[in-house]
Each structure stands twice: as structure tokens, then as C-alpha cells.
Amino acid sequence: MPASRWSFTSHTLTGVKVRGDLPPDLSAYGLGDEATVRADAELHGRDFTLTGQIIGRTITPNQQGSSEWVELDIQGTES
């Protein structure tokens, strides 16, 4: 049987922090929802895609002079 060209590894990605005042509206996502995170080599050192479920979410409301932030924890499989 030929070797698979794909390598799947389970990961937990914590602390994915994005501005909450820009699309997409992440406040509509909750625990258990599916999520895909893609990072290119410039950000992560290599292209990276993680597909899985949201296992944590923290919303920091905007305060004077700052934006709202949404922080996600995602558990899934790298492809």
C-alpha cells in the first residue's frame, strides 16, 4: 500500500486573538462550532491549516481607545 501524502496530527491551538470589530463576526460563534484556521509561512514559519471545534472563547469588550477582541481556543486536526 502506498504511503499517504497527508499527515494528520491532533492539536489544540490556544489564544487565537483577533479584533472583534472586523469581519467575520466571531461573537456569533460558540463552543462546539466548527472552525478552520489558516496561517501562512510568513506568520507561522510554514503553511498551516487546523480544522476542528471551538473549545474556548473569550470576548474582551472595547474600551475607550481600543477595539473589541475575541480570543478562541480550537482543538482539531492539522492538514
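By class, 10 nonpolar, 1 polar and 2 charged residues make up the lining of the largest pocket. Here Ala, Val, Leu, Ile, Met, Phe, Trp, Tyr, Cys and Pro count as nonpolar, Asp, Glu, Lys and Arg as charged, and the others, Gly among them, as polar. The model is predicted: local features need pLDDT of at least 70, side-chain atom pairs count only at pLDDT 80 or more, and totals for chains, interfaces and linings use all residues. Residues are numbered from 1 along each chain as its sequence is written, and side-chain values use heavy atoms, with hydrogens and water left out.

**Exercise 1.** Determine which strand supplies the largest share of the lining of the largest pocket.

*Solution.* Step 1: the largest pocket holds about 190 Å³ of space. Step 2: of its 13 lining residues, the closest to the centre are Leu26, Thr36, Val37, Leu72 and Ile74. Step 3: β1 (9-19), β2 and β4 each supply at least two lining residues. Step 4: the largest share, 5 residues, comes from β2.

**Exercise 2.** State how many bridges join β3 to β4, and in which direction the two strands run.

*Solution.* Step 1: strands are DSSP runs (E, at least two residues), as are helices (H or I, at least four), numbered from the N terminus. Step 2: two strands pair if DSSP finds at least two bridges between them. Step 3: strand β2 (residues 34-39) and strand β3 (residues 48-60) run antiparallel, joined by 6 bridges, and Arg38 stands opposite Thr49 in β3. Step 4: β3 and β4 are also antiparallel, with 10 bridges, and Thr60 faces Trp69 in β4.

**Exercise 3.** Identify the salt-bridge partner of Glu78 and classify Glu78 as buried or exposed.

*Solution.* Step 1: a salt bridge is a side-chain nitrogen of Lys or Arg within 4 Å of a carboxyl oxygen of Asp or Glu; the count is 2. Step 2: Arg46 forms a salt bridge with Glu78, the closest N and O atoms being 2.6 Å apart. Step 3: this pair links distant parts of the chain, Arg46 in the loop between α1 (41-44) and β3 and Glu78 in strand β4, 32 residues apart. Step 4: buried means under 20% relative accessible area, exposed over 50%, partly exposed in between (1.4 Å probe, protein chains only). Glu78, at 10%, is therefore buried, whereas Arg46, at 40%, is partly exposed. Step 5: in the other pair, Arg19 and Asp21 have their closest N and O atoms 2.8 Å apart; Arg19 is partly exposed at 34%, and Asp21 is partly exposed at 43%.

Notes:
1 Å grid on protein atoms, 1.4 Å probe; cavity = no way out; pocket = protein on both sides within 12 Å on 5 of 7 lines; lining within 4 Å. Points joined across faces, edges and corners; volume = space filled by probe spheres on them.
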